[in-house]
Amino acid sequence: RSKSTSFIGLGRMGYEMAHNLFSKQYANAQDAHFIVCDAVPERAQAFSASFLTRFPGAKIAIARTPEEATLASQNIITMLPSSREVKTVYNDGIVPTLKKLSSTSHNTLCIDSTTLNVDVACQVARDVVDTNSQMIDAPVSGGVTGAKAGTLSILVGGTEPAFNLASPILANMGQRIIHCGPSGAGLGAKICNNLILGVQQIVVGEAMLLGEKLGLDPAVLASVVSSSTGSCWSVSVNNPVPKSLPEKSPPCERGYEGGFATSLMLKDMGLATDIAATVGSPLPLGEAAESLYARVIQEEPDLSQKDFSSIYRYLSKASSE
Ligand code: NAD
């Protein structure tokens, strides 16, 4: 188990993060063992096949369940959609297995990169720590592009020793690894960031549409805003209008496929409004944005799994009806 790392959840982000992590670990130690696991077994199979094509000698195995992955590994990284899946994977799989292992001398490190409810994450971390293992929350920012390039910002919550243990692993997947505070603090920072992003992507959609109606070329408007005070990621990287970023290829160029699903952004706006209500912090724009994402999914269910920049398509369609 000493040199084995499991990655559970090989979706849009996890696939790219696992690829960077395993490639770099393999370059350092060719006897390292890698384990992949996903609720959709074809994803684990596709990952393993593609990894072996690049590194034919690598020791990579597919775990059918999180229990199987836990039994075989020293480090476990999870990248799941939301609180529900994290509860299932940890409460039913990882934690009971760690309990069984706790009589043997082991110290497993669990890194969860999912964006989820802070209270759920802290409870799961306490359960892991009770088995003599360690756990950090390590949500990420930078999107699929950042995951692919290994340039993610990784926001960590946990103890100093757990952070120090995790840092070299995280450095294989991200560029900035920031210790935000104790358990749950990484998620707090991530939720604040995505609150800004969720509101921002809507207003960028509004402004790009308004610009078009005023007769502006979207590429000219994107370039103006990118070098002006309205500059932000939603304009200069994730612009929702095709051909607005000639040098880049945001999801709008692929029919809004890939990227960050609208349903996941709705989840994150819900995380923000929930936690803000708990601590009594006002979110007038956050609440409005949450209702708009909910309305988009209700009225156009096919946008649920498309990138959240498709809010522009929704606004554009609504304005022409
Ligand atoms: P995704 O839906 O593409 O991937 C999730 C993966 O988890 C899927 O492959 C799914 O089959 C797997 N999974 C679900 N339940 C499972 C279980 N019980 N056991 C094993 N595997 C299971 O989601 P994503 O876009 O990769 O996002 C993952 C997380 O990262 C989310 O919390 C999201 O909010 C966050 N995030 C996403 C982005 C982005 O741009 N996509 C950016 C930053 C953070």
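**Ground rules**

I am working from a predicted model, in which local features need pLDDT of at least 70 and side-chain atom pairs count only at pLDDT 80 or more, while totals for chains, interfaces and linings use all residues. I number residues from 1 along each chain as its sequence is written.

**Overall build**

I began with the secondary structure, taking helices (H or I, at least four residues) and strands (E, at least two) as DSSP runs numbered from the N terminus, and I noted 13 helices and 9 strands in the protein. I then looked up the radius of gyration (taken over C-alpha atoms), for which the globule rule is 2.2 Å times the number of residues to the power 0.38. The value is 20 Å, close to the 20 Å that the rule gives for 321 residues, so the protein is as compact as a globular protein of that length. The C-alpha trace spans about 70 × 50 × 35 Å along its principal axes.

For burial I counted other C-beta atoms, placed from the backbone, within 10 Å of a residue's own: 20 or more make it buried, 12 or fewer exposed, and anything in between partly exposed. On that count 45% of the 321 residues are buried. For contacts I required the C-beta atoms of two residues, placed from the backbone, to lie within 7 Å; of the contacts with a separation of 6 or more, 68% are between residues 24 or more positions apart.

**Domains and core**

I took the domain bounds from an automatic or database domain assignment, which gives domain 1 (4-182) and domain 2 (189-320). The centres of domain 1 and domain 2, taken over C-alpha atoms, are 29 Å apart, and 12 residues of domain 1 are in contact with 12 residues of domain 2. To sort residues by class I counted Ala, Val, Leu, Ile, Met, Phe, Trp, Tyr, Cys and Pro as nonpolar, Asp, Glu, Lys and Arg as charged, and the others, Gly among them, as polar. The side of domain 1 that touches domain 2 then divides into 6 nonpolar, 5 polar and 1 charged.

Next I looked for nonpolar cores, meaning sets of buried Ala, Val, Leu, Ile, Met, Phe, Trp, Tyr and Cys residues joined through C-beta atoms within 7 Å. The largest has 85 residues, and those with the most contacts inside it include Ala18, Val36, Ile136 and Val156. Helix H8 (residues 185-213) gives the largest share of this core, 9 residues, and at least three residues come from each of domain 1 and domain 2. Leaving out residues up to four places away in sequence, I listed what valine 36 touches: Phe7, Leu10, Ala18, Ala44, Phe47, Ser48, Ile60 and Ile62.

Of the 29 residues around the ligand, Gly9, Gly11, Met13, Ala39 and Phe260 come nearest. The elements that give two or more residues to this shell are helix H1 (12-28), helix H4 (83-101), strand S7 (140-141), helix H6 (143-149) and helix H11 (262-279). By class the shell has 14 nonpolar, 10 polar and 5 charged residues, and each of domain 1 and domain 2 supplies at least three residues to it.

**Single residues**

Arginine 12 is found in helix H1 and is partly exposed, with 19 other C-beta atoms within 10 Å. Not counting residues up to four places away in sequence, arginine 12 touches Val144 and Gly258. Lysine 248 is 236 residues from arginine 12 along the chain, and their C-alpha atoms are separated by 19 Å.

I also checked backbone angles, bearing in mind that most residues other than glycine have a negative phi. Lysine 243 has a positive phi, near 70 degrees, and tyrosine 256 has one near 65 degrees. Lysine 243 lies in the loop between helix H10 (233-236) and H11, and the place of tyrosine 256 is likewise in the loop between H10 and H11. Lysine 243 counts as exposed, with 12 C-beta neighbours inside 10 Å, whereas tyrosine 256 has 24 and counts as buried.

Last, I looked at glutamate 212 in helix H8, which counts as partly exposed with 17 C-beta neighbours inside 10 Å. The C-alpha atoms of glutamate 212 and cysteine 192, 20 residues apart along the chain, are separated by 31 Å.

Notes
Near = placed C-beta within 6 Å.
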